[in-house]
Amino acid sequence: MSTVELTAANFDQVVSENDFVIIDFWAGWCMPCRQFAPTYEKVSGNHDDIVFASVDTEAEQQLAAAFDVRSIPTLAVIRDKTVIYSQPGALPEKTLEDLIQQARDIDMDKLKEEAQEA
């Protein structure tokens with residue numbers, strides 16, 4: 001699956017209609033972002049059940065601000081409309097695959113229950 005361009009206009013729809021979304025926050029002038037893009041695209045082909053989205057932080061400054069993006073590239077993982085991971089840094093392919101597996105392994109019911117108790 002190719003990556004989806006995420007904007008303020010389609011963000012709510014993409015997140016509400018999909019259980020698992022990974023977002024790459026990037027900019028065209030960012031060399032690490034450009035180097036990470038092929039890895040992100042390649043890994044997206046391994047996971048048909050996940051929406052791989054990208055946000056151009058120059059064009060979508062409000063969306064980047066909503067995720068408190070201060071450094072790019074930044075990856076965010078959303079499961080069941082809940083942000084479970086957000087951190088800057090380009091990841092090697094194996095590390096990105098490991099992150100996806102860890103995100104899959106999270107018991108979302110337990111996580112939401114713990115969040116309500118806190």
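Which residues do ring pairs link into a cluster? Ring pairs join Phe11, Phe25 and Phe67 in this way.

1. The model is predicted, so to speak with care: local features need pLDDT of at least 70, side-chain atom pairs count only at pLDDT 80 or more, and totals for chains, interfaces and linings use all residues. Residues are numbered from 1 along each chain as its sequence is written, and side-chain values use heavy atoms, with hydrogens and water left out.

2. The count comes to four aromatic pairs, where rings of Phe, Tyr and Trp (its six-membered ring) pair if their centres lie within 6.5 Å, and planes under 30 degrees apart count as stacked, over 60 as edge-to-face and the rest as tilted. Phe25 and Phe67 form a tilted pair, 5.2 Å centre to centre with 50° between the planes. Because Phe25 lies in strand β2 (residues 20-26) and Phe67 in the loop between α3 (61-66) and β4 (74-79), this pair ties together parts that are 42 residues apart in sequence. Phe25 is buried (under 20% relative accessible area, with exposed meaning over 50% and partly exposed in between; 1.4 Å probe, protein chains only), at a relative accessible area of 0%, and Phe67 is buried at 15%.

3. The pair of Tyr40 and Phe52 is edge-to-face, because the ring centres are 5.3 Å apart and the planes stand at 70°. Tyr40 in helix α2 (residues 31-44) and Phe52 in strand β3 (residues 51-56) are 12 residues apart, and their pair links distant parts of the chain. Tyr40 is buried at 2% relative accessible area, and Phe52 is buried at 0%.

Note on methods. Helices (H or I, at least four residues) and strands (E, at least two) are DSSP runs, numbered from the N terminus.
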